[in-house]
Amino acid sequence: MKMNMLKFALIGAVVSTISFSSCTKDSGPVTENEDNVRWVTVSGALMDTEPGDGNAGTMVFAMKLEDVKNPAFSVNVFDQGQHVKSSRTARLQASSDGKYLYNIQYTGDDGGMFQKYRVRGGKNLVPEGPEVQTAIYVSTSPRWLKAAEGIGVAVRGTGNDVVFTGEKPKFVYKERSSKIDVISLDLNNPQITKTTSYELKLTPEEIEKGYYVSRIDVPVINKAGNKVFIGAAVTMDNKSSFTIGTDGKPTWSEDRTGQKSWAKTLVLDYPSLTNPKVLTSNKTRGNTNGYRSTMQYVGTDGHVYQATSGEAAGDGGSKILRISSATNDYDNSFAFSLDQALGVKDSYIETWKYVGDGIGFVVYNIAGKGGYIARIDLKNNTAKKYTIPNEDELKFRQIQNISLEGDDVFIAIAPVGKDGNIYVFNRKTGDMAVGAKLINKTGNQYIGVY
């Protein structure tokens, strides 16, 4: 375990406070009866060029709680739902009570635009409050999450150009740093509240091997509210392999055969977004940034539990690590292995949901194949796999959210282009029931419940 105190070069961290405002869109009156409804929203991704690519936008439809649990109730979000603004798959988040959805548009002319929506049932999704443009800080394709109730954090992490020496054709790789951008958002009164930007280098030993932070994602704020943890992907350059472009400059390729970096997490003080550090775990070699969904949660005990990608061949598949609430650093005494708990090899956690008291529900594949669900117990290092129809053909790469209401856990499960159901799991007993039917269309995929 290391806490590398920028030694990895905090080259010029800049922090500022920003407030945006614009004309508020009136959502109209909300009746007392409507305000008491617990809406559960299902989302689906539209096919662009390939089945299941999810790149043609996102549709949503909101149901009452009793309908979600009723297998006789059916919904076709692609015909009945409302399109959420986004050139590609919308990055949706929701308030814990289901009353609001939040979106930052991903790519396109309006990429980076934040919008808050009031959920009023069916396809009645009403914009509320000002739109906020985040692109100037975190690009038109930011990664972001609801990092705590009422607080969003959006991020961007990109590798800078390689620094090299020598002359053509004998160029010598020296190092690569990363540009890190982070902003915080007030989700209740939509506005950007803080921004920061800094340059990041890893340790000299890691730089020598060609490692650099290539992407960051899934920010979460700790229980004390004074730290924000951000998952990271670390890439290795092949220092001996480059091509020379028409401009005469070299471009180094990624080394996919070299040893994967130890898992890492970026941490900043919150709400100031200052004092950046990098945490390193020696429990697994893998990424912690996930893909399109939450990968880390604040546990009932106050620790942060974080799923890793398990991309490192022979490293025992995906693991769940713990960041201590006492030290705000990795707890090297803890690592939950999904492989060991299930008795499988090369598990890969697509997403998961911490549901309280050390219990979680995990969506995973095995060596890149199938889509499976398991209930895990982090206290006892155990796991129970569920049997789901068509699980060998399920693909959850696009999945964005698992919902929790009371003791009920909701997961949308349907093969690409085929019908399925919302499944209802009891977080305490582990019992599983089949809920509302999901009607699908060719190439499309159900990706979340909110």
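Me: What should I know before we start?
Reply: This is a predicted model, where local features need pLDDT of at least 70, side-chain atom pairs count only at pLDDT 80 or more, and totals for chains, interfaces and linings use all residues. Residues are numbered from 1 along each chain as its sequence is written, and side-chain values use heavy atoms, with hydrogens and water left out.

Me: How many aromatic pairs does the structure hold?
Reply: There are 16 aromatic pairs in the structure. Rings of Phe, Tyr and Trp (its six-membered ring) pair if their centres lie within 6.5 Å; planes under 30 degrees apart count as stacked, over 60 as edge-to-face and the rest as tilted.

Me: Why is the pair of Tyr-364 and Tyr-372 called tilted?
Reply: The ring centres of Tyr-364 and Tyr-372 are 5.6 Å apart and their planes stand at 40 degrees, so the pair is tilted.

Me: Are Tyr-364 and Tyr-372 buried or exposed, and how do you know?
Reply: Buried means under 20% relative accessible area, exposed over 50%, and partly exposed in between (1.4 Å probe, protein chains only). Tyr-364 has 1% relative accessibility, so it counts as buried. Tyr-372, at 11%, is buried because that value is under 20%.

Me: Which residues do ring pairs link into a cluster?
Reply: The cluster is made of Phe-164, Phe-171, Tyr-173, Phe-242 and Trp-252, linked by ring pairs.

Me: What makes the charged end of Arg-118 count as sitting over the ring of Tyr-100?
Reply: A charge sits over a ring if NZ of Lys or CZ of Arg is within 6 Å of the ring centre and within 35 degrees of the ring normal. The charged end of Arg-118 is 5.5 Å from the centre of the Tyr-100 ring and sits over it. Arg-176 likewise has its charged end over the ring of Tyr-212, 4.4 Å from the centre.

Me: How many cavities does a search of the whole structure find?
Reply: The search finds two cavities of 30 Å³ or more. On a 1 Å grid over the protein atoms alone, a cavity is a set of points where a 1.4 Å probe fits but cannot get out, and lining residues have an atom within 4 Å of a point.

Me: What lines the largest cavity?
Reply: Its lining includes Arg-91, Trp-144, Asp-217 and Val-218. Strand 7 (91-94), strand 12 (143-148) and strand 18 (211-221) are the elements that give two or more residues to this lining. Strands here are DSSP runs (E, at least two residues), numbered from the N terminus. The lining divides into five nonpolar, three polar and four charged residues. Ala, Val, Leu, Ile, Met, Phe, Trp, Tyr, Cys and Pro count as nonpolar, Asp, Glu, Lys and Arg as charged, and the others, Gly among them, as polar.

Me: Which strand gives the most to the lining of the second largest cavity?
Reply: That is strand 4 (residues 58-64), with three residues. The lining of the second largest cavity has five nonpolar, four polar and one charged residue.

Me: Why is Lys-168 called exposed?
Reply: Its relative accessibility is 56%, and exposed means over 50%, so Lys-168 counts as exposed. Lys-168 is in the loop between strand 14 (163-167) and strand 15 (170-175). Leaving out residues up to four places away in sequence, Lys-168 touches Ile-244 and Gly-248, where contact means heavy atoms within 4.5 Å.

Me: What kind of peptide bond joins Lys-168 and Pro-169?
Reply: The bond is cis, with omega about 0 degrees. The peptide bond from Tyr-270 to Pro-271 is also cis, with omega near 10 degrees, and Pro-271 is in the loop between strand 21 (264-269) and strand 22 (277-280).

Me: What is the phi of Val-218, and why is this residue called buried?
Reply: Phi of Val-218 is near 45 degrees, a positive value in a residue other than glycine. Val-218 has a relative accessible area of 1%, which is under 20%, so it is buried. Val-218 is in strand 18.

Technical notes: On a 1 Å grid over the protein atoms alone, a cavity is a set of points where a 1.4 Å probe fits but cannot get out, and a pocket is an open set with protein on both sides within 12 Å along at least five of seven lines; lining residues have an atom within 4 Å of a point. Grid points are joined across faces, edges and corners, and a volume is the space filled by probe spheres set on the points. Helices (H or I, at least four residues) and strands (E, at least two) are DSSP runs, numbered from the N terminus.
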